[in-house]
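Here is a short briefing for someone opening this structure for the first time. Please keep the sequence and the 3D view at hand while reading.

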Amino acid sequence: MTTDWPLYEVFIRAKSGLSHRHAGSVHAADDEMALNHARDVYTRRNEGVSIWVVRSSEIVASDPQDSAALFEPAKDKIYRHPTFYEIPEDVGNM
Amino acid sequence: MYTQSLDQQGSKTEHAADAETAEQLAAFQKRVDAEEKIEPKDWMPSAYRRTLIRQIAQHAHSEIIGMQPEGNWLTRAPTLRRKSILLAKVQDEAGHGLYLYSAAETLGISRQQMVAELLSGKAKYSSIFNYPTLSWADIGAIGWLVDGAAIMNQIPLCRCSYGPYARAMVRVCKEESFHQRQGYEIMLDLCRGSDAQKEMAQDALNRWWWPSLMMFGPGDAESTHSAQSMAWKIKRFSNDELRQKFVDATVPQAEFLGLRMPDDDLKLDEASGHYNFGEINWQEFYDVLAGNGPCNKQRMRVRRAAQDNGAWVREAAEAYAQKQAAREAA
Ligand SMILES: [Fe+2]
Ligand SMILES: [Fe+2]
């Protein structure tokens, strides 16, 4: 092998109605080979009806260092959840 | 186990260079203790990273080399049914190797480097795959015992603190159960067959039992990496604990087959409910690890030949991809 082939992330839709979910990754020389490898490696037991592959280098990810800045602000906004509100039982299901 | 926690190449020397503060280490341990999963981009101690790379790579290599002893019987499986099953199992093992290589890569080692370390002999793989498959019954014994032992080890690894390794293990464990059951079914068929078939099954058990027990790695007193791996929740049970679980689960299965375990000291301890078993020949274990098992040289020769013989295919695929990309750009 002259180089490691590009890494692709594999996403699989288990059945129609569900969203694609990350399954793992494969190396491949090109997109078509990535699809073939993903099929062989991740769907040997009918695990999927659709596959997405995308080059890992194309994924833009948030940095764990920033996670406080990104996600903490949502933590104290409990009023965004239905359980924050008290509705008298007599009102019934809401 | 497949990882046997046995790498001797001291990576401890690099320790001095690790600029890790006590606060970082404590914060990391706190996350681990809280059963939080560690993900690739998270901060981690470099020794944690090295331990995982070594263990996952060793595990991956074992899956790949492990295809050889069983592959040996693909063309000689006794029926088409058995042949299809064995083919599917060997294909699964290739898949396991690939899931694991991907998991190791998330820690910053390249696939190429891992393969190079296997081919050069620097990286280890499980000692079990250096034993020959002499008869069809060996395929039964491998599925039943070797995959059985692997399952014992891999189920707790599904809860490993490192996310990508744990997720790979979940996938692997789902597939392993079929491996063990098809092996036991082969043994069942043989044990219900002629005297000669039953003898073949017994002979396979005689040869695979002790090497299977060695798969769990050295005893707790000898196992140097264990304590740290437990603290980091890479490991959940000690080698001896897992070995005992395996013996306890397997002895009744042998009894059901009507086979005799090749161990005169094997005895149920009524008080504890566990089986006591005889002394493992650790000299044999270390000899096999050192490269002197019955098939070490053959396994490496076959693996290197596969690499060399496939070179033109990889080169052609790469050239084709480059040509397509150039055409698209034009
Ligand atoms: Fe496997
Ligand atoms: Fe297996």
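Gln91(B) is partly exposed, with a relative accessible area of 44%. Here buried means under 20% relative accessible area, exposed means over 50%, and partly exposed is in between (1.4 Å probe, protein chains only). Gln91(B) sits in helix H4 of chain B. Helices (H or I, at least four residues) and strands (E, at least two) are DSSP runs, numbered from the N terminus. From C-alpha to C-alpha, Gln91(B) is 8.1 Å from Met67(B), although 24 residues separate them in sequence.

This is a predicted model: local features need pLDDT of at least 70, side-chain atom pairs count only at pLDDT 80 or more, and totals for chains, interfaces and linings use all residues. Residues are numbered from 1 along each chain as its sequence is written, chains are lettered from A and ligands numbered from 1 in the order in which they are written, and side-chain values use heavy atoms, leaving out hydrogens and water.

**Iron ion (ligand 1)**

- Four protein residues supply its donors: Glu63(B) (OE), Glu93(B) (OE), His96(B) (ND1) and Glu176(B) (OE), at 2.1 to 2.5 Å.
- Donors are N, O and S atoms within 2.8 Å of the metal (3.2 Å for Na, K and Ca); water is not among the atoms, so sites may look incomplete.
- The donor residues of the iron ion (ligand 1) are spaced E-x29-E-x2-H-x79-E in sequence.
- The angles among the four donor atoms of the iron ion (ligand 1) run from 82 to 151°, and the site is irregular.
- Four donors count as tetrahedral if all angles lie between 85 and 135 degrees; four count as square planar and six as octahedral if opposite donors are over 155 degrees apart and all others between 65 and 115; anything else is irregular.
- Glu63(B) lies in helix H2 (residues 46-65) of chain B and His96(B) in helix H4 of chain B, so this pair ties together parts that are 33 residues apart in sequence.
- Glu63(B) is buried at a relative accessible area of 2%, and His96(B) is buried at 0%.

**Iron ion (ligand 2)**

- Glu93(B) (OE), Asp147(B) (OD), Glu176(B) (OE) and His179(B) (ND1) coordinate the iron ion (ligand 2), at 2.0 to 2.2 Å.
- Along the chain, the donors of the iron ion (ligand 2) follow the spacing E-x53-D-x28-E-x2-H.
- The site of the iron ion (ligand 2) is irregular, with angles of 84 to 168° among its four donor atoms.
- Glu93(B) bridges the iron ion (ligand 2) and the iron ion (ligand 1), which lie 3.3 Å apart.
- Glu93(B) lies in helix H4 (residues 80-105) of chain B and His179(B) in helix H7 (residues 163-191) of chain B, so the pair ties together parts that are 86 residues apart in sequence.
- Glu93(B) is buried, with a relative accessible area of 3%, and His179(B) is buried at 0%.

**Helix packing**

- Helix H8 (residues 195-214) and helix H10 (residues 239-257) of chain B pack at an angle of about 175°, with their axes 12 Å apart.
- Axes are lines fitted to C-alpha atoms, for helices over the stretch in contact, and angles run from 0 to 180 degrees between N-to-C directions.
- H8(B) and H10(B) are therefore roughly antiparallel; that term applies to angles over 145 degrees.
- H8(B) contributes Lys198(B), Trp209(B), Ser212(B), Leu213(B) and Met214(B) to the contact, and H10(B) contributes Arg243(B), Phe246(B), Val247(B), Thr250(B) and Leu257(B).
- Contact means heavy atoms within 4.5 Å.
- Buried residues of helix H5 (residues 111-120) of chain B include Arg111(B), Met114(B) and Glu117(B).
- The buried residues of H5(B) pack against strand S2 (21-27) of chain A, together with H2, H4 and helix H12 (296-309) of chain B.

**Loops and backbone**

- Most residues other than glycine have a negative phi.
- Asn46(A) has a positive phi near 60° and is not a glycine.
- Asn46(A) lies in the loop between helix H1 (31-42) and strand S3 (50-55) of chain A, and is exposed, with a relative accessible area of 74%.
- Lys233(B), also not a glycine, has a positive phi of about 60°, in the loop between helix H9 (226-231) and H10 of chain B.
- Gly293(B) is in the loop between helix H11 (282-292) and H12 of chain B, and is buried at 15% relative accessible area.

Key:
Angles under 35 degrees count as roughly parallel, over 145 as roughly antiparallel, 65 to 115 as roughly perpendicular and the rest as oblique.
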